[in-house]
Every structure is written in C-alpha cells, then in structure tokens.
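Colleague: Hi, could you walk me through this model before I set up my calculations?

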Amino acid sequence: MTGSAAGRRVVAILGAGGALGAAITARLAAEPDTDLVLSDLSEASLAATVAGIGAGDGSGAGDSAVETVLADVSRFEQVEEVVARAVKRFGRLDVVISNAGVLSPNGRIHNLSTDDWERAFSVNVMGAVNAVKAAVAVMRPQGGGSIVLTASVSGMTAWSHAAPYCVTKAGVIQLAKVAAVEYARDDIRVNCVCPGTFRSAIHDDLPEGALDPVAARHPLGLGQATDVAGAYAYLASDAARWTTGSALVVDGGYSAP
Ligand SMILES: NC(=O)c1ccc[n+]([C@@H]2O[C@H](COP(=O)([O-])OP(=O)(O)OC[C@H]3O[C@@H](n4cnc5c(N)ncnc54)[C@H](O)[C@@H]3O)[C@@H](O)[C@H]2O)c1
C-alpha cells in the first residue's frame with residue numbers, strides 16, 4: 001500500500017516542467033489525498049506547471065499541498081534534496097516519478113560528438129539512476145513505494161538520427177527492470193512508461209519537417225501529453241500493486257507493426 005496511516009500519499013515529480021511533466025502533475029493533483037513535490041531544472045517551466053494546477057502561490061491545488069524545488073537530475077545531491085524536502089514537509093515519500101529528459105541533436109552516429117552522448121547519458125540515464133537511488137533511501141526504511149521512470153518507445157525501436165536518445169531510453173527501460181528485481185523484497189515497485197511521440201518543447205531544435213515521418217508511423221497519429229499521463233497515475237497507484245519491472249507502452253500504435 002502506498003500512503004500514510006492517515007491515507008495521504010506523497011508524490012515527487014522530477015522534470016515536472018514541460019509538456020508531460022505538467023500533464024502528469026495535473027492528473028495526480030486531481031486525485032484525492034495526494035500531496036506533491038514538484039521539481040525541474042527550469043524555474044519558468046516549473047512555475048507554468050504550478051500555475052496550471054491553480055497553485056500559483058504554492059499553497060495547494062484542490063486538496064493537494066504543493067512544494068517546489070529547483071533541481072538538476074544529473075546531480076545526485078540535488079535529487080537527494082528533492083527527496084529530503086518531501087520528507088521534511090510531509091514526513092514521507094510514496095511515489096517518485098522521474099520524467100526529466102533531453103533529446104539528442106538530429107544526426108547520424110558519425111556526426112554526433114562525445115558531448116552529445118554525455119549530455120544524453122547524464123540527464124536521461126543518470127537522472128533516472130539518481131531518482132532511484134534517492135527514492136529507495138527513503139522508501140526502504142519506510143516500508144515500500146512506487147517509482148515510475150519515463151523511458152520512450154524509442155528505447156525499443158530504432159529512430160534514425162537519434163542514437164543517443166534511443167540508447168539512453170533503452171537504458172532507462174533496463175534500469176526499471178533491474179531495480180524492480182532488486183527492490184521487490186522492500187515492497188518498492190519500479191516501472192517505466194514508454195510514450196510514443198507527442199508534441200512538446202523537446203522537439204524545438206529539430207529541423208522543419210523532422211517529425212513528419214515519425215508522425216506517419218503512428219497509426220493513431222501524434223499524441224498529446226495528456227494521452228500519456230494516465231499511465232503514470234496507474235503505475236503510481238495501488239491498482240498496479242502486482243505490476244513491477246514493466247515498460248508500459250503508450251504510443252498510438254507506433255511499435256505495433
Ligand atoms: N515528447 C515526446 O514525444 C516524448 C516521447 C517519449 C518520451 N518523452 C519523454 O518525456 C519526458 C518529458 O518530455 P517532454 O516531451 O514533456 O519535453 P519538455 O521539453 O516539454 O519537458 C522536459 C522537461 O525536463 C526538464 N529537464 C531537462 N533537463 C533537466 C535536468 N537536467 N534536470 C531537471 N529537469 C530537466 C526541462 O526543463 C523540461 O521542463 C522526457 O523524459 C522525454 O524524453 C517525450
């Protein structure tokens with residue numbers, strides 16, 4: 001069971017800014033008895049997410065109390081601080097959602113630099129590793145919890161000109177599986193969501209038209225961030241109490257053929 005004896009649940013979202021972070025936040029803020037710790041690298045993105053749930057003064061949305069923390073997920077001590085703030089304010093931490101991610105520059109492997117690879121690994125892989133490490137430090141002594149990582153369907157299928165992104169998202173899927181096995185005895189579930197393509201600022205640096213062939217490969221067309229948010233609510237909830245190590249695909253049929 002996730003939640004305190006009083007029935008309240010504390011959820012921390014890393015990468016709560018941006019399109020999907022805002023959609024996940026809105027979805028969870030609408031659930032009863034849920035308090036939120038929202039974190040992002042970008043102050044402006046985080047403020048937009050908070051404003052989106054009607055908690056502009058930070059005092060709460062609906063019955064949710066909201067705490068915000070600026071943090072870079074590639075820095076373990078900053079992720080630890082997010083978790084520490086949850087415990088300091090709410091006394092516990094039931095769910096951690098690791099959602100920060102960056103797209104690599106559009107290019108074939110021989111044209112990508114070591115910096116391109118290192119940035120993708122430091123945010124996409126180490127961000128998720130840091131989230132798992134910081135979460136389990138609180139959840140093990142607490143007696144359990146749920147961790148949800150944002151991977152991508154690109155971690156299961158090949159997307160030309162995006163090797164660092166595909167490789168690091170495959171790493172996130174594998175991290176969720178290994179962590180699920182390692183922490184099952186601590187009653188900590190670890191899963192990931194593999195979205196197909198939905199429009200967001202992550203695509204801003206792509207050349208004009210780069211998404212057209214990607215869109216054509218989605219039988220249901222490109223999605224919206226709100227189409228994906230329910231998967232997080234499910235994996236975070238007790239309805240998924242027997243689900244761990246899964247990679248939940250929400251991709252408009254992209255990976256079906
Ligand atoms: N948009 C898509 O088509 C798509 C598809 C599959 C998976 N995803 C994944 O969904 C997640 C959210 O992406 P989005 O599409 O909403 O993009 P977005 O650019 O709108 O949001 C990404 C957020 O991550 C934050 N972020 C980036 N680096 C960070 C860091 N080092 N520390 C903390 N926060 C950081 C950004 O500030 C931003 O708020 C990412 O993990 C992305 O890889 C997106």
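This is a predicted model: local features need pLDDT of at least 70, side-chain atom pairs count only at pLDDT 80 or more; totals for chains, interfaces and linings use all residues.

Colleague: How many helices and strands does the protein have?

Modeller: There are seven helices and seven strands, taken as DSSP runs (helices H or I, at least four residues; strands E, at least two) numbered from the N terminus. Along the sequence they follow β-α-β-α-β-α-β-α-β-α-β-α-α-β.

Colleague: And what share of the residues is buried?

Modeller: Of the 257 residues, 51% count as buried, meaning under 20% relative accessible area with a 1.4 Å probe, protein chains only.

Colleague: On to pockets: what volume does the largest pocket have?

Modeller: About 1000 Å³, the space filled by probe spheres set on grid points joined across faces, edges and corners. A pocket here is an open set of points on a 1 Å grid over the protein atoms alone, where a 1.4 Å probe fits, with protein on both sides within 12 Å along at least five of seven lines; lining residues have an atom within 4 Å of a point.

Colleague: Which residues are closest to its centre?

Modeller: Of the 44 lining residues, those are Gly101, Val102, Leu103, Ser200 and Ile202.

Colleague: Which helix gives the most to that lining?

Modeller: H1, with four residues.

Methods
Residues are numbered from 1 along each chain as its sequence is written. Side-chain values use heavy atoms; hydrogens and water are left out. Buried means under 20% relative accessible area, exposed over 50%, partly exposed in between (1.4 Å probe, protein chains only).
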